[in-house]
Protein chains: 2
Amino acid sequence: MTELNLTELEWLAVRAGINVADGHARQEPTSAQQKIISRLPDLFVQAATESEAMIDRDAQSAFLSALGQQRALTDAEVLTCYSSSVALEILGRSLLAVAARRVAMIHPTFDNIPDLLRGVGAQLVPIPEEQLVDGSARLPTGTDVLFCTTPNNPTGKVLSRDVLAYWAHVCARRGIVLGLDTSFRGFDVSAQYDHYKVLAEAGCRYVVIEDTGKLWPTLDLKVGLLVFSRHLAVPLRRVYTDILLGVSPFILLLVRQFAEDAAAGGLKELHRFVANNRALLRNHLGTAALPDPASRISVARVAVPVGSSATTMSRELRRTGVHVLPCRQFHWAAPEEGEHYIRVALGRRPEVVDEAAATIRDFLAQADRSVRR
Amino acid sequence: MTELNLTELEWLAVRAGINVADGHARQEPTSAQQKIISRLPDLFVQAATESEAMIDRDAQSAFLSALGQQRALTDAEVLTCYSSSVALEILGRSLLAVAARRVAMIHPTFDNIPDLLRGVGAQLVPIPEEQLVDGSARLPTGTDVLFCTTPNNPTGKVLSRDVLAYWAHVCARRGIVLGLDTSFRGFDVSAQYDHYKVLAEAGCRYVVIEDTGKLWPTLDLKVGLLVFSRHLAVPLRRVYTDILLGVSPFILLLVRQFAEDAAAGGLKELHRFVANNRALLRNHLGTAALPDPASRISVARVAVPVGSSATTMSRELRRTGVHVLPCRQFHWAAPEEGEHYIRVALGRRPEVVDEAAATIRDFLAQADRSVRR
């Protein structure tokens with residue numbers, strides 16, 4: 001049997017038990033969000049009557065502004081997609097169309113990113129995350145694209161402003177397209193400096209995938225944005241129109257409402273919520289079990305005890321009804337490295353995180369006894 | 001400048017003027033549909049609390065049953081996608097993964113179907129629609145896939161039960177995968193015999209793309225279904241999970257509600273509505289201008305007058321604020337053949353269709369005067 005990809009594991013998880021596997025936002029809506037939800041019929045009527053172009057632009061504007069990305073609205077082109085993965089698929093297919101195959105790709109990261117790009121014929125070279133984050137990595141000669149997830153999934157590591165500027169200059173000088181997946185930036189203020197200002201100042205060609213889908217419990221009513229520099233010379237718009245005419249204006253209005261609420265305090269509330277859930281996990285497992293103390297994103301890595309592996313641990317936890325992700329598949333070029341960690345989702349009701357954390361604690365305690373025996 | 005694809009032309013149309021370009025359902029909701037819309041907040045709560053797997057299955061079941069496709073639910077596997085085009089993209093990428101490149105493709109058809117498949121490396125051979133519909137076509141040696149849109153867009157031509165059985169047997173005998181896009185079947189009862197019974201009896205490998213997106217004015221809250229035979233030996237599920245975990249349960253509940261309403265009389269009401277809009281067009285333009293008298297789908301071809309072309313006519317109409325599609329791009333292997341027709345969308349408020357038809361009538365009258373002069 002072939003190894004399951006991360007989404008297949010998530011698919012099992014959403015179907016049973018305590019699901020802390022997928023990175024979707026499954027917490028309760030806040031009271032402000034519930035107010036928006038109570039007005040859905042009005043949003044439907046509004047979406048049916050207003051200009052789709054305006055609704056699209058307003059949603060893009062509200063979301064990008066809420067996350068500090070003002071310059072995207074003046075400097076870049078934006079295409080609204082069904083999801084960040086559809087945006088990535090469009091990017092991959094567009095790169096294929098201009099034979100830009102050699103992609104230097106952050107390692108580790110969520111497996112569907114390398115899988116999607118390989119599926120359209122890209123040749124990937126892994127670049128260690130720590131060398132991307134500190135600017136020490138060497139990109140192979142002939143690199144067409146540098147692709148980086150920031151904040152990275154599952155580690156929460158962020159490209160700082162200075163290091164992004166460094167890579168943007170490298171890409172500008174060498175004619176490399178800089179690709180970023182910033183799906184988790186909403187959780188971490190250190191990833192909310194205006195990336196588009198940095199990119200514009202370096203003058204590099206870039207494509208950024210922004211995502212509303214990880215932040216809010218909108219039941220996967222979400223969009224992914226393809227944000228790209230003018231003169232990119234990659235046919236994104238053509239491939240985009242092969243796949244879609246546009247996203248539902250109803251979803252766009254909902255995104256706008258949630259983004260405006262985020263800007264008006266909802267984002268701070270979300271940060272507190274995730275921090276509380278992270279503290280619940282830490283209270284059960286101890287700081288030593290959490291290898292990413294600086295991470296602010298809505299998933300957390302947990303160290304696998306000596307003598308076990310992520311694959312075994314996640315299978316054992318699944319038997320007790322708790323679904324997590326093994327980190328093996330994140331380490332797409334060196335799966336064994338990922339056996340030291342599992343990933344726990346924090347975008348859940350606190351009771352769910354608490355129960356999952358207690359189960360994991362029991363597993364760790366038992367593993368500890370086995371080792372001592 | 002490169003020629004615009006049909007979706008790019010539709011993109012222009014949704015942004016201004018009288019838009020009878022895209023095939024989306026832009027009519028007013030019926031009173032039964034409005035009742036569903038008024039309950040959207042309840043659907044949101046329901047979607048957040050019930051099992052996603054059940055919601056998914058119930059939506060598939062309600063939709064496929066409403067359109068007469070009961071055997072899909074017992075004989076086939078079903079994957080719910082964001083849209084029919086995303087379903088097609090997944091199919092194309094999965095075929096690429098097993099090097100099934102040689103596709104015999106119906107001609108004409110909506111251009112994003114050949115464009116998507118070519119974009120992932122397929123080699124297309126055009127098969128004239130009339131020879132598919134009467135079963136007289138010859139498929140080239142080495143054909144991996146036969147792909148047919150039924151009812152076809154823009155002509156409304158349908159594969160009858162007997163002819164589908166014929167092609168299914170040909171495909172079974174020659175090891176060809178039979179691909180169908182049935183996005184418009186909801187409009188035409190002659191396309192609502194149980195295709196999956198026919199396919200199962202022939203024993204061929206098949207993939208059918210079903211679509212909720214053309215039928216109802218749900219503001220593009222829709223799904224596309226990938227319905228495929230077991231033992232297909234094409235990795236649809238793997239590519240699917242690279243692109244999505246699932247569709248919003250909120251959208252799935254909405255689809256289910258609309259499908260149940262369709263089964264309870266909504267579909268008949270829709271057929272009357274489209275027939276009335278088609279009659280409006282005919283009243284203005286005369287039967288001679290409408291080349292597809294048997295078509296029941298929500299778009300209609302209109303003949304371009306002698307001395308003009310679809311490209312010219314659609315450009316002239318655009319100047320008067322009426323957006324239609326030239327049929328040139330539907331004829332993906334012989335664009336000149338498509339210059340004889342434009343396509344007018346009928347999924348609009350009757351006033352919109354009436355105004356568009358009156359403008360087209362004036363254009364035809366003027367062209368007639370020019371010819372006589």
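Visitor: How many salt bridges does the rule find across the interface of chain B and chain A?

Guide: A salt bridge puts a side-chain nitrogen of Lys or Arg within 4 Å of a carboxyl oxygen of Asp or Glu. Across this interface the rule finds four. In one of them, B:Arg26 pairs with A:Glu52, the closest N and O atoms being 2.6 Å apart. The model is predicted: local features need pLDDT of at least 70, side-chain atom pairs count only at pLDDT 80 or more, and totals for chains, interfaces and linings use all residues. Side-chain values use heavy atoms, without hydrogens and water, residues are numbered from 1 along each chain, and chains are lettered from A in the order written.

Visitor: How many residues does the contact take from each chain?

Guide: Contact means heavy atoms within 4.5 Å. Chain B gives 53 residues and chain A gives 53. The two chains bury about 4600 Å² between them, 61% of it on carbon and sulfur atoms; this is accessible area (1.4 Å probe) lost on being put together, summed over both. B:Phe44, B:Leu219 and B:Leu245 supply 17% of the area that chain B buries against chain A, more than any other three residues.

Visitor: Which residues of H4(B) are buried?

Guide: Helices are DSSP runs (H or I, at least four residues), and buried means under 20% relative accessible area (1.4 Å probe, protein chains only). H4 of chain B covers residues 52-66. Its buried residues are B:Ile55, B:Asp56, B:Ala59, B:Gln60, B:Ala62, B:Phe63, B:Leu64 and B:Ala66. Among the elements covering them are helix H3 (40-49) and helix H12 (249-285) of chain B.

Visitor: What lies just after H4(B)?

Guide: B:Gly68, with a positive phi of about 80°.

Terms used. Helices (H or I, at least four residues) and strands (E, at least two) are DSSP runs, numbered from the N terminus. The expected span of a helix is 1.5 Å times one less than its number of residues. Buried means under 20% relative accessible area, exposed over 50%, partly exposed in between (1.4 Å probe, protein chains only).
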